[in-house]
Structures are given as structure tokens and as C-alpha cells.
Amino acid sequence: VYEPLKVFLRVRPFSIAELESHESQGCVTIEDAQTVILNAPKESSAMKNSERGIGHAVHSFTFSQVFGPETTQSEFFEGSMKDIIRAYINGVNGLVFTYGVTNAGKTFTIQGTSKDLGILPRSLDVIFNHIRGRHYLKMNFKPYLSNDVKKLEDEQVKQEEALKTAILASLKEVSDQMLLKAMLYMHSYSHLLLYFLLNVSFCSEKNLVPLDIHKTNMQQRTQASVWISFCEIYNEYVYDLLSILSTSKPQRRRVLRICEDQGGNCYIKGNNTVLWPGQLHRISLMIRNVCKRSLFADLKWINVQSTEEGCRLLKIGNKNRSFACTRMNEQSSRSHSIFSIRLLKLTDEHQPRVLGVSELSFCDLAGSERCNKTHVFGDRLKEAGNINNSLHILGKCIAALKQNQNPKMKPSYIPFRESKLTRLFQPFFCGKGKACMIVNINQHTSTYDETLHVMKFSALARQVIQTILPKNFGYFPPKLVGGDGKPMMHFDANTSVDDFADSTETSAEEEVDITILSHEELLKAAEDLKEKVAAERRSKLLLEVKIRKEMAEAMFRQLLETEEAWRQVPLQPALRLKGNRLEDMKDSYEEKLESKFEMYKEAIKKHAYMCAMEQIEEHYVPIEEFLAEQEKVE
């Protein structure tokens with residue numbers, strides 16, 4: 001399926017303080033539902049450049065749909081998220097990412113507030129409404145790697161339950177501490193506002209509004225399980241936002257890494273640490289000690305049973321996210337956050353079978369900014385540099401994708417691997433998913449130049465054509481693995497004994513990611529790889545000998561055929577042909593001999609002249625001596 005990348009624009013309304021500071025000068029004008037006009041103010045660099053004849057003062061941009069300042073959260077969700085959520089429920093991976101300057105409303109669009117939910121909690125509500133009555137409530141099937149599912153043992157299920165309980169319990173502990181801080185700093189209005197934003201629950205049953213807008217043909221026998229992860233990319237390092245850190249003393253967060261499976265799809269993992277069953281004494285003991293022990297090193301996937309649980313995890317992740325105060329935004333996001341929702345589809349049987357795995361990711365990009373506008377230095381300056389660099393690489397990838405669509409131009413390299421962000425975005429831009437871009441802008445005159453840059457980038461992104469591959473093309477089907485990570489297979493009505501034998505023969509070679517092995521297993525895998533390399537070299541050498549032998553035999557046959565063809569030529573024509581060739585050779589040799597003879601003659605003349613000159617020099621006598629001798633002789 002070929003379709004252009006959908007780019008939606010949302011314009012943030014003015015606040016009372018912004019109106020009082022005369023930020024409203026009519027810079028942004030909405031022409032219609034798809035067109036926006038930007039008029040450069042007098043103080044902007046764009047206006048100064050246009051007065052010098054460089055560029056224009058008025059720019060027009062077209063989007064998939066434009067949402068004005070009066071647009072509500074519900075209207076924006078209805079107008080922008082229908083298609084991507086419908087495709088996600090039907091098994092197509094989805095990516096929604098926001099782009100814009102600092103303080104443009106990106107986080108509000110995705111998360112919203114407790115009274116005005118954003119697109120993320122509304123999407124969760126749609127998903128749970130869709131699977132109502134077919135919700136798989138157990139935790140024994142968990143996402144694994146990028147597209148697989150792991151069947152957990154009973155002890156591992158207890159670990160998952162304990163981890164989820166510990167994470168949700170940490171919300172109350174942190175909230176109590178922040179309440180105490182708010183009481184100590186009650187004289188500061190900004191501290192009270194920050195406390196309100198971080199501690200008011202996003203979702204409660206009275207705030208949820210049924211959003212029954214998506215209907216699909218999901219079979220009644222199919223069950224679904226929902227899992228959530230939340231991470232951030234801060235200074236080009238990946239961190240898990242659902243990690244439980246000790247509140248009594250500061251702890252250094254564990255850095256995660258990006259790996260790839262056999263299909264080239266990226267996933268996030270950490271240093272693998274195995275938790276043995278003997279380490280699990282009681283769940284209560286686990287909850288008390290989980291903050292002191294690094295038992296869960298990988299990116300955490302938490303099973304959620306309702307929209308409220310998902311919003312609570314979102315709130316916990318926001319507490320761990322990197323924020324800082326800049327001149328443009330008092331609570332500016334200093335990292336790119338990625339909130340992912342995986343939907344596992346299972347058969348409703350005694351031995352459930354994996355039917356499909358789909359993932360929907362919401363990426364809240366940090367705001368692009370100029371350091372002279374935000375007045376940052378030190379750590380904030382380093383953060384801004386990394387933010388702008390990753391956004392710049394994203395722009396280079398978008399430009400390269402646009403260029404490669406032109407068949408008349410030479411394909412260019414797409415630098416997906418130059419940034420953690422673009423490396424995670426790569427599958428969605430290479431056909432293995434559906435992407436959607438939300439551009440957030442404000443109407444400030446002071447940030448007009450930055451807004452113009454954002455609009456130009458979005459105009460380029462809208463020209464990118466997405467190639468969405470069908471699930472049976474270019475995909476590795478989801479694989480069910482056991483608690484040890486090895487593939488599993490169950491018999492069903494469509495499975496034959498021959499199919500089972502083939503899969504068991506190849507399962508040993510289908511190692512997805514060697515980084516999940518222990519040290520001894522890695523050494524063994526290295527030895528196995530050495531043996532495979534040696535065997536491959538031997539086979540290639542034998543193949544080369546065989547090819548050389550075949551080429552020699554073919555050349556010998558060609559010579560024999562040429563000799564036989566000459567033998568079949570009549571004698572007289574052959575003699576005449578030979579005589580003509582001899583005459584031609586004779587003439588050619590005569591011309592060459594004549595030219596060589598002339599060359600030798602010239603060389604002899606030159607040599608004789610040089611010898612004569614040397615003799616003259618040797619026997620030279622001055623005129624006075626010659627006359628004197630002549631007189632003597634006379």
C-alpha cells in the first residue's frame with residue numbers, strides 16, 4: 001500500500017500572559033482546513049532577509065488537516081487518530097510522533113491533563129473498549145524482542161505480578177514525598193502548580209469518556225493482552241522510565257541499548273540478569289527489596305488490565321523523565337519519550353497460540369530550540385545540542401527518503417543509524433508500519449523563525465510516500481518462545497508431522513539475538529561460528545575448483561570447435577585468403593623497415609657530425625700559433 005505520510009498541524013492558543021506581552025501580531029493565519037499562512041513580523045530574521053531580497057515574508061503550507069486554537073482534545077483525536085488505531089487493531093504497527101518548538105503544546109497533545117485527556121489515554125480507552133469481553137487477563141504471555149511472545153513459567157508470572165505491584169506502589173510513595181515538599185514550599189505558586197501537574201491522576205473512571213469509534217472484524221474466539229513500556233532518549237542514552245529507583249538515596253540509572261532481531265527490527269534491551277526461582281521468597285519481600293536489587297535489567301513491559309492502570313504508569317514514567325526549566329518553558333522536556341502499547345492476539349484455547357503482535361508507539365519529541373533564545377548553559381546546553389542533533393538527523397532521513405522517491409535521481413544513503421531516535425523509527429519508514437506526524441506550533445512573534453523552520457520541515461515530511469508492506473511480505477511471523485527463550489511449537493489441526501520435524505531441525509540455527517546468552521554459551525557459540533566459517537571456506541574452495549574446471553573444459557571445447565571450423569573451409573579460398581594476408585604483411589613490414597632505415601640514417605649523420613666536432617675541438621690551434629709555425633716552415 002502506497003500512501004503519503006499524514007502530517008497534522010495543531011495551533012496552540014494564547015495564554016493571558018502572552019496576550020499581555022503583545023505576542024499576538026497575526027503571524028499565523030488559517031486559510032482553510034488544510035492551508036496555513038505565515039506572515040513574518042518586523043523583528044524576525046525572515047522579515048529582515050526578505051527586505052534584503054533573500055526569501056519571502058509570507059509563506060503558505062499545506063497539511064493533511066489543520067486544527068486551530070479552538071480545537072478540543074476530543075475533536076483532535078477524532079480527526080487525527082482514527083486510521084492509525086484501526087490499522088493497529090488489525091495488526092499493523094503504528095507510530096505517532098509530535099514535532100515543534102519548545103512550549104508549543106506537544107506533551108499536552110499526547111498526554112493531556114486529568115480533565116482533558118490527550119490522544120494517548122484516549123487511544124488506550126479505545127483499545128480496551130475494543131477488546132472488552134475478550135481480554136486475556138493472565139500474564140503468562142509476554143512480549144519478547146521486537147515481534148515475538150514469551151510463555152512464562154509460574155515463577156516468572158509471580159515475578160511479573162510482583163514487579164507490577166512494586167511499580168504501582170511507588171506512585172503513592174513518591175506522591176507523599178512531593179506533598180511534603182509542596183507544604184514546605186507553599187509560598188511559591190510555581191511549586192504548587194508543578195505539584196498539581198505531577199500528582200493529579202490522569203485517568204479515573206469518572207473522567208473516562210467512551211470512545212466507541214473503531215469497529216473491526218476481530219473473531220470472538222480471539223483474546224488479546226495489552227502490555228506497555230515507557231522509555232526516554234536523553235543525551236543519546238536510552239533509559240527505562242518505569243525503573244524503580246530508591247527514594248532514600250540517589251541512584252545512577254541503568255543505560256539500555258538498541259539491538260536488532262533476525263528481521264532487522266530494532267528493540268530495546270539491557271544487560272541480561274537472570275532471576276532464579278530460589279531468589280523469590282515472598283511477593284511482599286520482593287516489593288520491599290526490588291528497589292535495592294537490579295533484577296529487571298531489560299526494558300520493562302508491564303501488563304495492564306484497564307485504561308486507568310495505563311495512565312498510572314504514564315504518570316510514574318513522567319516523574320522519572322528528564323525535565324528542566326528554560327527561558328521558553330518552565331517545565332521543558334529535555335528528552336524524547338516513547339510510550340509503546342503492544343497488543344498480543346491469542347487463540348481462546350487450552351494451549352493458546354500466538355496469532356499476531358502489533359505495536360503502537362507515541363513519541364513526544366523534545367522541542368527544537370536555539371540556545372540564544374532559551375538562555376541555557378552547562379548541562380542544559382549539552383542537552384539542547386543532543387536534542388537538536390537528533391532532530392537534525394531525523395530531518396536528513398526525511399530528506400533522503402524524499403529524494404529516493406524520484407527515479408531520475410541516484411538513491412542516497414539514509415542515515416538511520418546516526419541517532420538512537422531514527423534507528424527506532426527506521427522500521428516505520430521502511431514499510432513495516434504506519435507513521436503519523438503531529439506538528440505543534442505557537443503563534444508567538446518571538447519564536448517565529450523557529451516556527452518557520454518547523455513548518456518547512458513538515459512540508460518536506462508530507463511529501464514522503466509510505467510503502468506499507470502486507471504482513472505476509474517482508475515480515476517474520478511472531479514466534480512463541482519458552483521461558484528460556486527457545487522456540488516452542490504446539491500441534492493443532494493444521495500442523496503435520498513433517499512441518500514439526502522441519503521446524504525442530506532449523507530451530508537450533510534460528511538464534512535471534514546472541515546477546516541474551518551467558519558467557520559460557522557465548523564462547524561455545526563463538527567456537528561453533530569458527531567451525532562454520534572453516535566449513536564455509538572449504539565449500540567455497542571446492543566450488544572455485546569446480547568452476548575453474550568447468551571454465552577450462554568450456555574453453556577447450558571452444559578451441560576444438562574453432563579448429564574444426566577452419567578445417568571445413570575449402571582449400572582454394574583458404575590459400576587466396578592466406579596469400580592476401582601475406583601480401584598485406586609484406587607491405588606492412590616494408591613500410592616499417594623503410595621508416596627504421598631512415599631513422600638509422602639520421603642517427604648516423606648526427607653521430608658523424610658530433611664526432612667531427614669533437615675532432616675539431618681536439619686539434620684546434622690558435623691563429624697566432626698557426627702563423628708563427630707557418631713562418632718557421634717558410
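**Reading the labels**

Guide: Glu-591 sits in helix H17, which covers residues 571–618. This is a predicted model, in which local features need pLDDT of at least 70 and side-chain atom pairs count only at pLDDT 80 or more, while totals for chains, interfaces and linings use all residues. Residues are numbered from 1 along each chain as its sequence is written, and side-chain values use heavy atoms, with hydrogens and water left out.

Visitor: What makes a stretch a helix or a strand here?
Guide: Helices are DSSP runs of H or I with at least four residues, and strands are runs of E with at least two, numbered from the N terminus. The protein has 18 helices and 21 strands.

Visitor: Why is Glu-591 called exposed?
Guide: Exposed means over 50% relative accessible area, buried under 20%, and partly exposed in between (1.4 Å probe, protein chains only). Glu-591 has a relative accessible area of 57%, so Glu-591 is exposed. Across the 634 residues of the protein, 43% count as buried.

Visitor: Which residues gather with Glu-591 in a patch of negative charge?
Guide: The surface patch consists of Glu-583, Asp-584, Asp-587, Glu-590, Glu-591, Glu-594, Glu-598 and Glu-602. Asp and Glu count as negative, Lys and Arg as positive, and His and the chain ends are not counted. Patch residues have over 30% relative accessible area and no salt bridge; like charges are joined within 9 Å, and nonpolar side chains (Val, Leu, Ile, Met, Phe, Trp, Tyr) within 5 Å. The place of a charge is CG of Asp, CD of Glu, NZ of Lys or CZ of Arg.

Visitor: Which residues make the nonpolar surface patch?
Guide: Leu-543, Ile-547 and Met-551 make that patch, of about 290 Å². Met-551 belongs to helix H16 (residues 519–567), and Met-551 counts as exposed because its relative accessibility is 57%. Areas come from the Shrake-Rupley method with a 1.4 Å probe; for residues, only the protein chains shown count as cover.

Visitor: Is Val-439 buried or exposed?
Guide: Its relative accessibility is 0%, so Val-439 counts as buried. Val-439 lies in strand S19 (residues 434–441). Leaving aside neighbours within four places in sequence, its contacts (heavy atoms within 4.5 Å) include Val-7, Phe-63, Tyr-99 and Val-454. Val-454 is 15 residues from Val-439 in sequence, and their C-alpha atoms are 7.9 Å apart.

Visitor: How do you know that Glu-232 and Arg-253 meet in a salt bridge?
Guide: A salt bridge needs a side-chain nitrogen of Lys or Arg within 4 Å of a carboxyl oxygen of Asp or Glu. For Glu-232 and Arg-253, the N to O distance is 2.7 Å, and the pair is a salt bridge. Glu-232 lies in strand S10 (residues 222–234) and Arg-253 in the loop between strand S11 (237–240) and strand S12 (255–260), so the pair ties together parts that are 21 residues apart in sequence. With 0% relative accessibility Glu-232 counts as buried, whereas Arg-253, at 22%, counts as partly exposed.
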